[in-house]
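Hello,

Here is the structure I promised to pass on to you. Please have it open while you read, and my notes follow below.

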Amino acid sequence: MVTISTNDLSLTIGTKKILENVRVEVGSSELIALVGPNGAGKSTLLKAMAGLIPEASDPVQINGARLRSHTAAERARLVSYLPQDYQLAWKIPVESVVSLGRFAYGGSAYNMSAEDKEATQQALDTVGISHLATQRADLLSGGEAARMHFARFINTDTDILLTDEPCASLDLAHQHQILALLRGLAEAGKCVVISLHDLDLTWKYCPRTIIMHQGQLVLDGPTAEVLSPNNIAQYFGVSATVYDDGIVFNPTI
């Protein structure tokens with residue numbers, strides 16, 4: 001059983017409160033969606049949970065131990081994080097980018113064990129981009145690049161997976177593919193937290209949903225309860241009809 005939690009996590013930059021007293025705990029086999037309007041604090045919370053904001057690291061714990069008590073190498077084997085935006089600095093093959101997921105285990109594009117090579121090939125196969133393995137990563141389309149970075153992300157094989165808008169840049173079919181993969185990883189025992197803007201996809205794939213608003217966690221529970229028409233209207237400013245198999249948004253409130 002693995003857990004990642006925050007205890008009264010707050011972050012202020014200048015005079016602006018970015019996060020305020022956020023308490024959340026995520027365990028094995030959970031797939032949790034972070035939703036909320038722009039500027040709600042979703043991306044910042046994920047970065048803090050990943051240990052990427054030093055001034056906000058104290059309240060973050062993994063398996064009951066402070067995140068900062070782990071070395072960088074230990075954290076890299078515990079938590080993987082995929083941001084919304086990513087840039088490539090080198091003109092290297094797709095396979096080499098995906099192999100960077102093995103860095104925490106001592107592997108790299110130029111120093112991979114048989115196990116690293118097998119894991120990298122499996123990640124390419126899982127995301128369906130094996131045919132792109134030898135292509136230059138900087139020449140991919142936006143959607144292809146997103147899938148490549150997702151393959152690198154899952155190639156880390158960590159117990160905790162944090163990803164910010166994993167469906168951005170993807171067409172409809174690949175949005176469903178990625179969310180189905182994340183759901184499968186959670187069902188296999190991983191702890192998965194994702195931020196999403198698409199509430200219908202949240203409804204379809206994520207059993208638990210957290211709504212954030214103005215840096216605060218305002219609702220946390222089963223998706224069927226959290227994404228009620230009243231809550232959607234209150235926190236997202238849109239009218240919606242909720243059905244058993246999805247959410248339909250109405251033109252006006």
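Strand E8 (residues 191-195) is mostly covered, with five of its five residues buried. Please bear in mind throughout that this is a predicted model. In a regular strand, side chains alternate between the two faces of the sheet. In E8, Cys 191, Val 193 and Ser 195 point one way, while Val 192 and Ile 194 point the other way, and all are buried.

Which strands does E8 pair with in the parallel sense? One is strand E3 (residues 30-35), which pairs with E8 over five bridges. Another is strand E7 (residues 160-164), joined to E8 by five bridges and also running parallel.

Elsewhere you will find an open sheet of four strands in the order E2-E1-E4-E5, with antiparallel pairing. Its edge strands are E2 (16-27) and E5 (65-66), each of which pairs on one side only. Helix H1 (residues 42-49) packs on this sheet and touches E1, E2 and E4. The direction of H1 makes about 120° with that of E1.

Within the sheet, strand E1 (residues 3-13) and strand E4 (residues 60-62) run antiparallel and are joined by three bridges. If you want a spot to look at, Ile 4 stands opposite Ile 62 in E4.

Is H1 enclosed or open to the outside? Six of its eight residues are buried, so H1 is largely enclosed by the rest of the structure. The buried residues are Lys 42, Thr 44, Leu 45, Leu 46, Ala 48 and Met 49; you will notice that a lysine, Lys 42, is among them. After H1 comes Gly 51, whose phi is positive, near 80°.

**An aromatic pair**

I also had the whole structure searched for aromatic pairs, and the search finds one. The partners are Phe 150 and Phe 153, which form a tilted pair with 5.7 Å from centre to centre and 55° between the planes.

**The chain as a whole**

To step back from the details, the protein chain has nine helices and twelve strands. Its radius of gyration is 18 Å, close to the 18 Å that the globule rule gives for 253 residues, so the chain is as compact as a globular protein of that length. The C-alpha trace spans about 55 × 40 × 35 Å along its principal axes.

Buried residues account for 49% of the 253 residues. Of the contacts between residues at least 6 apart in sequence, 64% join residues at least 24 apart. The accessible surface of the chain comes to about 12,200 Å², and carbon and sulfur atoms hold 49% of that surface.

Happy browsing, and best wishes

Definitions and conventions
Residues are numbered from 1 along each chain as its sequence is written. This is a predicted model: local features need pLDDT of at least 70, side-chain atom pairs count only at pLDDT 80 or more; totals for chains, interfaces and linings use all residues. Side-chain values use heavy atoms; hydrogens and water are left out. Two strands pair if DSSP finds at least two bridges between them. Helices (H or I, at least four residues) and strands (E, at least two) are DSSP runs, numbered from the N terminus. Contact means heavy atoms within 4.5 Å. Axes are lines fitted to C-alpha atoms, for helices over the stretch in contact, and angles run from 0 to 180 degrees between N-to-C directions. The radius of gyration is taken over C-alpha atoms; the globule rule is 2.2 Å times the number of residues to the power 0.38. Buried means under 20% relative accessible area, exposed over 50%, partly exposed in between (1.4 Å probe, protein chains only). Accessible areas come from the Shrake-Rupley method with a 1.4 Å probe; for residues, only the protein chains shown count as cover. Rings of Phe, Tyr and Trp (its six-membered ring) pair if their centres lie within 6.5 Å; planes under 30 degrees apart count as stacked, over 60 as edge-to-face and the rest as tilted.
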